[in-house]
2 protein chains.
Amino acid sequence: MLTKETISEYFIALQNNICTAIEKADGKAKFVTDKWERKGGGGGTSRVIQDGNVIEKGGVNFSAVHGTLSETILSQILGTTNHKLPTTNFYATGVSIVIHPQSPMVPIIHMNVRYFEISENEFWFGGGIDLTPAYVVPDDAKYFHSSLKKVCDKFDANYYTEFKKWADDYFFIKHRNETRGVGGIFFDKLKPSAKHSKENLFEFVKAVGETFVPVYTEIISRNKNLAFTEKEKEWQLLRRGRYVEFNLVYDKGTKFGLETDGRTESILMSLPKNASWFYNFSPQKGSKEEQTLAFLKKEINWCA
Amino acid sequence: MLTKETISEYFIALQNNICTAIEKADGKAKFVTDKWERKGGGGGTSRVIQDGNVIEKGGVNFSAVHGTLSETILSQILGTTNHKLPTTNFYATGVSIVIHPQSPMVPIIHMNVRYFEISENEFWFGGGIDLTPAYVVPDDAKYFHSSLKKVCDKFDANYYTEFKKWADDYFFIKHRNETRGVGGIFFDKLKPSAKHSKENLFEFVKAVGETFVPVYTEIISRNKNLAFTEKEKEWQLLRRGRYVEFNLVYDKGTKFGLETDGRTESILMSLPKNASWFYNFSPQKGSKEEQTLAFLKKEINWCA
């Protein structure tokens, strides 16, 4: 039987493999490691890389926490107060990554894979991966989405369409009427069904996690040596400001973490080293910035 | 009778006076003005100053909006669904200010005065003013709080104690276990009582609004010519990161504005031009930064 311990152990190995590959891709900076414990039970390992050749600030978090959930939070998670669960014990484990590169030509990336268990019969997988370029390069967005589609298609012909739409809806900055970036995939509460066993769902989550390194290193190598101007750097800082807005206003993982007294520095490692807000910035007609804004919309079919 | 129109007209004059005084104190930058209309009714005037001698980015917003409230939002505001109000029309007017100075030696300041009306018999005043130094200077904090106490004491012997505590509780960054700065005063739902007529409450709100200029220009002139280092500038950027966290995670005005489709650029003009997040920053023992953190606590009696 596939146990929570097996899943956690896999996530630890995934964290290690990803950190090794990122260090190699960066060529200069090394991860620092902070182990932390959670008062209510469990803990995690935060690994942070800063001031590299390619990466300005990035974090790869592993955690496996457990304890009891308040009725309020349990009802929020389940979407009902009428759940009749015999217990409110929970176990949550996952890997969460955000990488902020130095260059405005290299996109920010986020990836998360997770497993949540309330009882032997009540558990699910979740995850997602999305790309946030300061300047949208259609070829890169196509490559990114096609790679994700390839992974999804191996497991279910509906996954990509469904999870791509979910990402469009989730990574959306409502008050800006903009998507965070070019999206990707997002999924939650994946439970066993006639089509997919627990083992099969885990294989899918593993495949998503293992897509991170080849896809992101390819995107890094395509863009890391491109020249950029001071103005392009400013635009990157403004886009990072939007990233901060999304994470602090909308991101459910961030909210859940802060509300349940998670380790603040690990939760907010997703924020960039620096970000800017210029009042009422409006890109020039026909500029690259304006072209990028036109791509920050839902329902763009990048695999067409 | 004191009408909402009279209150709004006063707020417009207050905005103008404050902008004139800030331009004078800055000596270089001028406010730009954006008038905006709200789809549901009313609108406002946002005035923003950038790249000055003293001020890096600051906004002084006036708005007077009206329309109908959804039952959900009305219940949130009133704290009950059992209100039996004959109507859900509302009128909200106020002035809201945030100033981010260039120098880490000059504190950020925020001030807000507002009036909310649902009917002739259901209305209230609110407001607040608080100071956020990158480096807490006890003498400045004392001067700031004593000035506020003086204003409060003219109207009610309990105001300062009550509203100072309210500010401590409101301007608190729970996930950092830090106050935003040295606090100030905060009050909401001030309604007429045996002690205070509507006119008297308005006089108090006016007095708070008119305290802004003398107090802040004094604090500016005390600190604007102080030298600072690159390291002190970095600390300022980190403290600005905390300001962003407070505004996006906790500030009720920001949340209400974003949720009710307010003008995003006017709401988020409160964010600094730039801010930083350094992973797991910890100040050196005995440093000025550590001393400041020791002051970012509730219940410090600055008027002692």
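Begin with chain A, where seven strands form an open sheet in the order β1-β2-β3-β4-β5-β6-β9, with antiparallel pairing (strands are DSSP runs of E of at least two residues and helices are runs of H or I of at least four, numbered from the N terminus; two strands pair if DSSP finds at least two bridges between them). This is a predicted model, in which local features need pLDDT of at least 70 and side-chain atom pairs count only at pLDDT 80 or more, while totals for chains, interfaces and linings use all residues. Residues are numbered from 1 along each chain as its sequence is written, and chains are lettered from A and ligands numbered from 1 in the order in which they are written.

Select β1 (32-37) and β9 (183-190) of chain A next: they stand at the edges, each with a single partner strand, so one side of each is left without a neighbour in the sheet.

Move to β3 (residues 55-68) and β4 (residues 89-101) of chain A, which pair in the antiparallel sense over 13 bridges; in β4(A), the bridge partner of A:Val65 is A:Ala92.

Now select helix α3 (residues 138-153) and helix α5 (residues 198-223) of chain A, which pack at an angle of about 160 degrees with their axes 10 Å apart (axes are lines fitted to C-alpha atoms, for helices over the stretch in contact, and angles run from 0 to 180 degrees between N-to-C directions). The two helices α3(A) and α5(A) are therefore roughly antiparallel, a term for angles over 145 degrees. Among the residues making the contact are A:Phe144 of α3(A) and A:Val215 of α5(A) (contact means C-beta atoms, placed from the backbone, within 7 Å).

Conventions: Angles under 35 degrees count as roughly parallel, over 145 as roughly antiparallel, 65 to 115 as roughly perpendicular and the rest as oblique. Two residues are in contact if their C-beta atoms, placed from the backbone, lie within 7 Å.
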